[in-house]
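This briefing sets out selected features of one structure, grouped by topic. Please read it alongside the sequence and the coordinates shown below.

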Amino acid sequence: MTPHNEAKIGDYAEAVLLPGDPLRAKWIAETFFEDPRQVNGIRNCLGFTGRYKGKPVSVQATGMGQPSLSIYVHELIDIYGAKVLVRVGTCGGISDKVRLKDIVLAEAATTDSAMDSETFGAFRFAPSANFGLLRDAANRADAAGLSWRAGGIVSTDTFYLPENAYDPLTAHGILAIDMETAALYTLAARFGVRALTLCAVSDDLLTGEKMAPSDRQSSLTELATLALDVAVGA
Ligand code: HPA
């Protein structure tokens, strides 16, 4: 038990899906898990454990942003023994290489966060995905005929940045924005576990388009299925 998590040791599986939104965590557990049980409810940041295709799996909401995610992920790894962490989220497209509803496989995450500004001395760490998970996700996304692209994303601490703030990143091939992945990949590296972010493009900052509400559910189903297969290796 921690101030943020009432689960007991052993309550989480080694494979954990990480949506930002607690209700999405509940939906994933209720829709895809066999025998789901709630293991965390503190602050309504819901966590569940069950089985998927017969294998143990958990889902834990992270809240929004890198400080929030870091609390849950640090504890999942350090206290509860998580080994494979797959973020399922949304992202904002900042490249003409991605379209609404595409699934972005985040190879690496640039950030404007100061969370680790003192950690690496003179160096700037490059938070990157686990290659095995990334390759597996790409193979499975191809086999399922999904529209996907792998590449760099940026994890920002500031949702409302001035227009054009991302132009230098777009010019360097960055595909999309989220607010969590750099911290997830940094923690995974620190603890020697595997992590991957899969996120659906929910809005396009270049065109101003947003995913239609009717597309959100089908997009989430595709995303959650891919993430579960990758997380448990089913
Ligand atoms: N900014 C940051 N995170 C996001 C966005 C965005 O525009 N869209 C979805 N997640």
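Which residues of H6 are buried? In this predicted model, the buried residues of H6 are Ser 219, Leu 220, Leu 223, Ala 224, Leu 226, Ala 227, Leu 228, Asp 229, Val 230, Ala 231 and Val 232. The points below describe helix H6 and its contact with H1, then the strands S2, S3 and S4, and finally Gly 81.

**Helix H6**

- Helix H6 covers residues 213–232, a run of 20 residues.
- From the first C-alpha of H6 to the last, the helix reaches 29 Å, which is close to the 28 Å expected at 1.5 Å a residue.
- Gly 233 follows H6 and has a positive phi, near 65°.

**Packing of H1 against H6**

- Helix H1 (residues 22–32) packs with H6 at an angle of about 70°, and the two axes lie 11 Å apart.
- Because angles of 65 to 115 degrees count as roughly perpendicular, H1 is described as roughly perpendicular to H6.
- On the H1 side, the contact is made by Arg 24, Trp 27, Ile 28 and Phe 32.
- On the H6 side, these residues meet Gln 217, Leu 220, Thr 221, Ala 224, Thr 225 and Leu 228.
- By type, the residues of the contact of H1 with H6 comprise six nonpolar, three polar and one charged.
- Leu 220, Ala 224 and Leu 228 of H6 take part in the contact with H1 and are also listed as buried.

- Strand S3 (residues 47–52) is largely enclosed by the rest of the structure, because five of its six residues are buried.
- Strand S2 (residues 34–40) runs antiparallel to S3 and is joined to S3 by four bridges.
- Across this pairing, Arg 37 stands opposite Thr 49 in S3.
- S2 and S3 form a hairpin with six residues between them, and Arg 43 in the turn has a positive phi of about 60°.
- Strand S4 (residues 55–60) is also antiparallel to S3, with six bridges joining the two.
- Phe 48 has Val 59 in S4 as its bridge partner.
- The hairpin of S3 and S4 has two residues between the strands, and Lys 53 there takes a positive phi near 50°.

**Gly 81**

- Gly 81 is placed in the loop between helix H2 (66–78) and strand S5 (84–93).
- Gly 81 counts as partly exposed, because its relative accessibility is 26%.
- Beyond its neighbours within four places in sequence, Gly 81 is in contact with Glu 14 and Leu 76.
- Asp 11 is 70 residues from Gly 81 in sequence, and the two are 9.9 Å apart in space, C-alpha to C-alpha.

Methods. Residues numbered from 1 in each chain as written. Predicted model: local features only at pLDDT ≥ 70, side-chain atom pairs only at ≥ 80, totals over all residues. Heavy atoms only, no water. Expected span 1.5 Å × (residues − 1). Buried < 20%, exposed > 50% of the residue type's maximum accessible area, 1.4 Å probe, protein only. Axes fitted to C-alpha atoms, helices over the stretch in contact; angles between N-to-C directions. Parallel < 35°, antiparallel > 145°, perpendicular 65-115°, else oblique. Contact = heavy atoms within 4.5 Å. Nonpolar A, V, L, I, M, F, W, Y, C, P; charged D, E, K, R; others polar. Pairing = 2+ DSSP bridges.
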